Amino acid sequence: MSLVGTATIAPSMRPGRLGDSPLRPDGGAKVQGSFAFTSDLNAEGALWGATLRSPHPYARIVAIDVSPAWKIAGVEAIITADDVPGQLLYGLISADQPVFAHDVVRYVGEPVAAVAADHPETCRRALAAIVVTYETLDPLVDAERAVDGSHPAIHPDGNVIRHQRVDCGDPDATGPIVVEGTYEIGMQDQAFLGLEAALALPDHDGGGVEMYVATQWLHEDRKQIAACLDLPEERIRLTLGGVGGAFGAREDISLQVHTCLLALKTGRPVRIHYDRHESFLGHVHRHPATIWMRHHATADGEIVKIESRMVFDGGAYASTSSAVLVNAVTHTQGPYRCANAVVDGWVVRSNNPPCGAMRGFGVVQACFAHESQMDKLAAAAGLDPVEIRLRNAMVTGDRLITGQIVESVAPVARCIRETAALPMPASLDEQGDDLMRMPGGAGRTADVSHIRRGVGWGVAIKNLMYSEAFDDYSTARCRLADGVATLEFATSEVGQGFITIAAQIARTVLGVDDVVLEPISTNVGSAGSTSASRQTWMSGGAVDAVCRKVRDLLFARVAEQWSLDPLRLVIDGNEVVDSLDARRRVTVAEASSGSPIDETMEYRHRPTVPLDERGQGDCHTAFAFVAHRAVVDVDVELGLIKVVQIATAQDVGVALNPLSVLGQIEGGIAQGLGLAVMEEIVVRDGLIRNASFTDYLLPTMLDMPDVIATLIEEPDPQAPMGAKGVGEPPCISVTPAIVAAIRDAIGHDLTRVPVRPFDIVLTK
Amino acid sequence: MIAEHYSLTVNGTSCEVRDAGVGESLLYVLRERLGFTGPKGACEEGECGSCSVTVDGTLVCSCLVLSAASVGREIVTIEGVAAGDGLSDVQTAFVETGAVQCGFCTPGLIMAAHSLLEANPDPTESELREALSGNICRCTGYGRIIEAVQQVAVRRRDSRSGAAT
């Protein structure tokens with residue numbers, strides 16, 4: 001399926017089934033401004049909460065004096081580590097991060113205390129009045145000093161979060177072509193628009209709490225909150241408030257425990273809303289990384305061996321760092337065959353801001369390195385960027401450097417060929433003198449005589465779902481009565497459109513038009529996280545499975561009435577039909593009248609195993625692939641960049657909702673473009689220097705190029721409906737494609753993202 | 001805090017603001033005191049456009065406007081952009097083209113799109129991009145949003161030429 005330029009995919013006005021692009025069920029409310037985001041929620045008598053944060057990257061807390069804050073009228077609660085009734089530490093993989101720092105602060109922005117008061121301004125004054133006495137310590141801000149052990153441990157768990165090797169084949173293998181490079185990836189922010197927000201309502205007996213929160217995974221939040229509050233999980237009831245984007249930044253605990261604690265302490269509802277500055281301090285970011293790679297190849301450019309050393313800076317606390325590292329080292333080879341590899345990966349602790357999940361999760365960093373290497377390899381072998389990639393493209397059945405066989409459909413060569421077949425944009429001359437299309441835009445800074453055009457390529461492989469023996473599952477409930485299917489699941493809808501897909505699945509399987517979605521809450525079993533491109537596969541799999549079970553029970557009911565084998569029955573439109581006698585039919589509405597059919601099911605993907613010491617093992621579940629071609633104009637005098645066009649072909653399995661897939665592709669490309677040329681959290685001595693939207697630059701409509709996309713639809717037999725996750729691949733190889741295009745335009749190497757004007761102008 | 005009492009005209013209705021802090025922004029007062037939660041706060045410094053409303057017909061970031069300075073002016077929020085309970089043509093196009101994902105930027109973008117099309121009913125793509133470049137969307141990559149606004153421009157042009165003949 002080709003989606004060229006701004007070609008419209010017609011929305012289906014009828015209730016959409018799989019393969020259609022029905023309207024979002026929440027679309028009307030969202031365009032009217034009536035959709036309730038978490039920050040829109042309020043409750044009678046609610047207080048505002050706010051958090052006091054460390055100004056130091058590393059310091060000992062000598063004393064905390066909260067008494068001056070109590071003198072401010074309107075202050076209702078002040079809490080510190082002493083007020084945490086349960087576990088003092090939390091964390092997604094290992095509990096190593098304090099709810100409030102109690103002895104030491106390890107990053108700028110670490111929570112030290114929180115207050116509840118009648119007005120946000122009262123909160124600000126109360127925070128300013130709390131006196132914390134610090135004794136500053138020598139911060140660890142250079143990740144290499146954690147690797148080489150030259151800095152004392154800054155945390156009881158040590159400075160190395162994980163060290164993972166991958167050793168495959170012959171370490172001495174080589175070839176006539178050897179190319180190497182060291183690549184650097186800056187710290188990127190997820191920059192969702194809807195800031196962190198929660199509303200907590202305490203139970204009257206003080207022994208439980210209800211909270212509306214914007215999160216990626218309600219049940220994991222609940223588990224961690226319960227441990228810190230020392231309450232049974234069932235006394236903590238979480239409902240998803242409207243979520244304004246996520247991209248990985250809502251996987252970790254931020255304000256959840258603080259909001260619940262303040263509500264329980266005051267006996268009143270409490271709202272916490274972060275502002276943009278606090279959001280930069282309050283959630284994890286994409287890991288900055290330094291990656292050295294050396295590729296050995298035959299004279300024909302076929303990869304013989306890859307060596308790599310990767311150092312990821314995890315910041316002060318572990319979050320998901322160990323899983324990010326596994327993704328990075330296991331994706332060293334990219335979507336290419338490689339028989340021999342020696343990879344040494346580290347993710348370490350530092351007094352920099354904590355890093356964790358962001359769309360692409362470790363693969364973004366590895367991909368920038370391996371794709372930069374592929375271009376060097378192409379140059380050394382005298383091949384063009386397309387040919388070198390086709391020559392090495394992996395196929396289904398190939399063995400990865402981890403020893404795992406790629407069982408997923410792997411249309412790598414097809415992604416590359418179909419991308420190459422997409423039309424190129426108008427040339428610089430044909431484009432005319434529209435200033436808005438030039439690097440630098442209407443600033444009139446660029447001049448056509450300085451502009452050079454370049455073309456670059458990037459191709460990626462991305463694992464889908466959770467890895468390394470994680471018990472990854474999702475739960476869904478379906479109730480069918482009188483032709484109406486009611487679905488219940490805890491799958492976080494963060495904007496990606498799972499609620500649209502879920503209804504499409506139910507309509508398709510059950511032959512109904514009306515699907516009701518229950519609130520997304522902990523009232524039903526866990527759905528796992530909305531991350532790792534996993535929800536269409538996992539929660540889609542759960543909804544599909546439970547709808548099929550309900551359908552089987554419906555068929556059994558009808559078959560009994562008709563005295564025939566239920567295997568003869570099928571759904572046709574809105575009817576149950578005897579496939580051997582099509583005259584015999586009954587509407588689903590009529591067949592499901594009387595007692596409702598109500599079932600709940602869990603879906604699990606196949607088991608995976610942890611990597612061993614040598615990085616061997618079937619650690620991943622499945623893979624998706626994508627190719628990107630970038631066309632970029634560069635003002636070589638000023639270092640200004642305009643990305644003109646991105647062409648892409650993405651392996652999607654089956655497009656269950658083509659409009660949603662296109663939305664993921666275009667949105668992912670915007671984020672990959674951001675990393676390539678503008679987005680970076682600048683950290684100096686542990687301090688974020690640009691924690692605002694004025695200084696952290698995000699792509700606007702003027703920065704966004706035309707996107708031409710082709711969907712490669714080869715159903716994956718492993719996937720519940722043949723459909724692969726589509727969220728992450730779009731943002732991965734577009735970054736190296738853009739950088740390759742800039743290199744092509746300027747004629748010299750670039751080894752770092754984001755590319756800055758001085759990298760273009762001053763680095764030769 | 002010094003308490004303030006004044007009234008604002010929002011979507012054609014006079015709204016009493018009581019006991020407001022003197023420094024409260026229009027965004028805060030609309031959301032927290034008057035219940036208009038359509039305008040969103042995402043940067044609080046005029047960079048993202050999520051809080052866009054019109055004041056006397058001019059598109060502004062309500063996070064940068066002092067609430068008390070809006071007394072006597074006509075404020076229109078996303079809640080007042082459509083006639084009656086239906087959707088405006090821009091709102092309809094946003095839903096139909098896939099311009100909405102998480103939806104947090106959507107109210108601001110719809111205000112900006114209405115404002116653009118009133119000032120320039122037939123924008124070129126470059127003019128459209130320039131006019132909406134003050135509104136950040138992190139989900140969509142803007143492709144469907146451009147599509148939605150272009151669709152409205154075409155439909156309005158068609159209905160104008162239809163009315164003329």
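Predicted model: local features only at pLDDT ≥ 70, side-chain atom pairs only at ≥ 80, totals over all residues.
In β9 of chain A, the bridge partner of R60(A) is E135(A). In general, the strands of a sheet are held together through backbone hydrogen bonds, and the pairing is either parallel or antiparallel. The sheet considered here is open and has 3 strands, in the order β7-β3-β9 of chain A, with antiparallel pairing. Its edge strands, β7 (104–105) and β9 (131–136) of chain A, each pair on one side only.

From this sheet one may turn to chain A as a whole. Its secondary structure comes to 19 helices and 32 strands. The C-alpha atoms of chain A fill a box of roughly 80 × 75 × 55 Å along the principal axes. Is this chain folded in the manner of a compact globule, or is it extended? For 764 residues, a compact globule would have a radius of gyration near 27 Å, and chain A has 27 Å, so the two values agree. Buried residues make up 60% of the 764 residues in chain A. Among the contacts in chain A with a separation of 6 or more, 81% are between residues 24 or more positions apart.

When residues up to four places away in sequence are not counted, V115(A) touches G49(A), A50(A), A69(A), V75(A), A77(A), I78(A), C123(A), A126(A) and L127(A).

Helix α9 (residues 363–381) has 19 residues, which at 1.5 Å a residue should span 27 Å; the end C-alpha atoms are 26 Å apart, which agrees.

Helix α5 (residues 218–229) of chain A has 12 residues and reaches 16 Å from its first C-alpha to its last, close to the 16 Å expected. The buried residues of α5(A) are L218(A), D221(A), R222(A), Q224(A), I225(A), A226(A), C228(A) and L229(A). What covers these buried residues? The covering elements include β5 (89–90), β13 (209–213), β14 (236–240) and α6 (256–266) of chain A. After α5(A) comes D230(A), whose phi is positive, near 55°.

Most residues other than glycine have a negative phi, and most peptide bonds are trans. F247(A) has a positive phi, near 60°, although F247(A) is not glycine. F247(A) lies in the loop between β14 and α6 of chain A. Is F247(A) buried or exposed? F247(A) counts as buried because 31 C-beta neighbours lie inside 10 Å. S563(A) is likewise a residue other than glycine with a positive phi, here near 55°. S563(A) is found in the loop between α14 (535–562) and β23 (569–572) of chain A. With 6 C-beta neighbours inside 10 Å, S563(A) counts as exposed. A further detail is the peptide bond from V753(A) to P754(A), which is cis, with omega near -5°. P754(A) belongs to the loop between β32 (752–753) and α19 (757–761) of chain A.

The structure also includes chain B. In the contact between the chains, 50 residues of chain A meet 45 residues of chain B. On the side of chain A that touches chain B, the elements giving two or more residues are α1 (27–32) and α16 (658–677) of chain A. The largest share of this side, 7 residues, comes from α16(A). By type, the residues of this side divide into 22 nonpolar, 18 polar and 10 charged.

G49(B) is placed in the loop between α1 (26–33) and β3 (52–55) of chain B. G49(B) is buried, because 26 other C-beta atoms lie within 10 Å. G49(B) and C61(B) are 12 residues apart in sequence, and their C-alpha atoms are 6.0 Å apart in space. Leaving aside neighbours within four places in sequence, G49(B) is in contact with C61(B), G108(B), A112(B), G134(B), N135(B) and I136(B).

Terms used. Residues numbered from 1 in each chain as written. Chains lettered and ligands numbered in written order. Contact = placed C-beta atoms within 7 Å. Helix = DSSP H or I, 4+ residues; strand = E, 2+ residues; numbered from the N terminus. Rg over C-alpha atoms; globule rule 2.2 N^0.38 Å. Buried ≥ 20, exposed ≤ 12 C-beta atoms within 10 Å, placed from the backbone. Expected span 1.5 Å × (residues − 1). Nonpolar A, V, L, I, M, F, W, Y, C, P; charged D, E, K, R; others polar. Pairing = 2+ DSSP bridges.
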